[in-house]
Amino acid sequence: MESVERVEHPRVERIPSARQFTEFCTAWGRRLPGPRVMGWTVTAVFFVLYTVVSVLRNDRMLNAGYDLGIFEQAIRAYAHGQAPIVELKGPGFNLLGDHFHPILALIAPVYRLFPGGVTLLVVQAALMALACYPLTRWAHRAVGPVTGLVVGCALGASWGIAAGVAKDFHEICFAVPLLAFSVTALGQRRWRAAAAWALPLLLVKEDLGLTLAAVGAYIAWQGLRERRADPTSRRGTTWLGIAVVILGAAGTAAEILVLLPAMNPRGGFDYWQQMSDGPSSPGGLVGLASLALHLFWPPMKWLLLFMLAAPTAFFAVRSPLTLLCVPTLAWRLLAGNEHYWQPNFHYNAILMPLVFAGLIDVLHRRKDLLPARRRRKVLAFCAAFTAVTAAVYPLHDLVLPWTWRTPDHVRTAQRVLDRIPDGETVASSNRLAPMLTGRTTVSLVCFGTGPDPAAPTGLPADPPRWVVSDRNDPTVKTPCPVARTKHMLDLYRAHGYLTVAEEDGITLLRKP
């Protein structure tokens, strides 16, 4: 008999079924830590990442007098029991007349122990990272450990927080964790805790009273819903919300109309002009149409709205918690200052906790909208979008070789600035200023005497002992245009200032 040749067919691997994938995710989820441990772990990881990125950027001279130097001068004054006088804003300028942020005084004891701009960057990193804790813990408990991990990491690596933490220092770093804890309490229906966490927003910045009012409106709305569902329920929730609305609106009005003008050297609120640069048109329907057009035009505003909704696969917009973004978005989109519309503006950081809270709320309360399989797709999209934006925004600095090297220009700048003794008065260009604010009194090189110090006609009334300018400073439009800086250097030389050093575009002058 003829032998029958056996033909071996290639082995076809079975594709895991949806059930098998679900079982894998469930088994993996059981290995993850509990909500509290996971929350602190995510917080600690991003604190380290934020600190490393911000300090490395500072070491490469990527921060500036506007704004790191400004805030260091204010906190340095607080640390010595003085009013926050900031010479970088102008002679004798009280920073509480620029924006209302007395909460900065909380950093003063830490700064007194560890003086220097790096202290501000580390504090900012800690506060920003702290926002991960309540949202990670809430997502873990409400939806599951996998969701908690994805949401916590997506928030920590979100483009808004990454952009805010990597450049300079800003007062809104206090608002980010406050809003994260407050919106978490709202999602868990802990109304008094939500109000308590949101109240300090009045001390962070003048416009955040409107966000506090929005928190109160949400509490009042939920109180009315409870009353409709159960007419015998107490009205305390509604009255609490109304009280918070009144306090938030009144606080913003008092700060803008009374407190800021009282401490501002010019006797007014400096940012009215930027807000009034928006649409100016007749009233009626024509005026409303013009306002609506300005609200969503130019297209940069659409990009901002897309970037806010995309990290949550656009599902966060289905939650009423996301409406807490409206006060901040409204004044930004209505303003005439184009910087307010851009995705790299640091005020996007305060919106990130609100957006991700909306996602957790939808995942938890709308199981009809997001069954298990669809939920996994949403979380996968969140992770993928976060990974893509992380490659664009500053967290990617950690994998770039030149991030860890000190440029020659920075070494030259440090060598030149070391020639200025501690305790001196210095007129400096913008990028060099934060390298001096911790040990000298610094003003801007382009400031002088005249009706407007920023458009000088002569030397300052109290001329500085030293003048230093960097011709390679990239901030050539604001606050010190090139022509104005050159004009002031010529004036200093004409009044007898001597050239002490001139290296790599950096000029150091000394008063004889």
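Reader: Which residues of helix 8 are buried?
Author: Buried means under 20% relative accessible area, exposed over 50%, and partly exposed in between, using a 1.4 Å probe and protein chains only. Helices are DSSP runs of H or I with at least four residues, strands are runs of E with at least two, and both are numbered from the N terminus. In helix 8, the buried residues are Trp159, Gly160, Ile161, Ala162, Ala163, Gly164, Val165 and Ala166. Helix 8 spans residues 159-166 and has eight of its eight residues buried, so it is largely enclosed by the rest of the structure. Just after helix 8 comes Asp168, with a positive phi of about 60 degrees.

Reader: Before we go on, what should I keep in mind about the source?
Author: This is a predicted model, where local features need pLDDT of at least 70 and side-chain atom pairs count only at pLDDT 80 or more, while totals for chains, interfaces and linings use all residues. Residues are numbered from 1 along each chain as its sequence is written, and side-chain values use heavy atoms, with hydrogens and water left out.

Reader: How many disulfides are there?
Author: A disulfide is a pair of cysteine sulfur atoms within 2.5 Å. By that rule the count is one disulfide, and it joins Cys446 to Cys480 with an S to S distance of 2.0 Å. The pair links distant parts of the chain, 34 residues apart: Cys446 is in the loop between strand 2 (441-444) and strand 3 (466-470), and Cys480 is in the loop between strand 3 and helix 20 (482-494). The link of Cys446 and Cys480 is left-handed, with -70 degrees about the S-S bond. Both Cys446 and Cys480 are buried.

Reader: How are two packed helices described?
Author: The description uses the angle between their axes and the distance between the axes. Axes are lines fitted to C-alpha atoms, for helices over the stretch in contact, and angles run from 0 to 180 degrees between N-to-C directions. Helix 10 (residues 191-198) packs with helix 12 (residues 236-263) at about 10 degrees, their axes 10 Å apart. Angles under 35 degrees count as roughly parallel, over 145 as roughly antiparallel, 65 to 115 as roughly perpendicular and the rest as oblique. Helix 10 and helix 12 are therefore roughly parallel to each other.

Reader: Which residues of helix 10 and helix 12 meet?
Author: Contact means heavy atoms within 4.5 Å. Here Trp191, Arg192 and Ala195 of helix 10 meet Thr237, Leu240 and Val244 of helix 12.

Reader: What joins the side chains of Asn430 and Thr475?
Author: A polar contact is a pair of N or O atoms within 3.5 Å; within protein, one must be able to donate a hydrogen and the other to accept it, and residues adjacent in sequence count only if both atoms are side-chain atoms. For Asn430 and Thr475, the side chains are joined by a polar contact of 3.3 Å. Asn430 is buried, at 4% relative accessible area, and lies in the loop between strand 1 (425-428) and strand 2.
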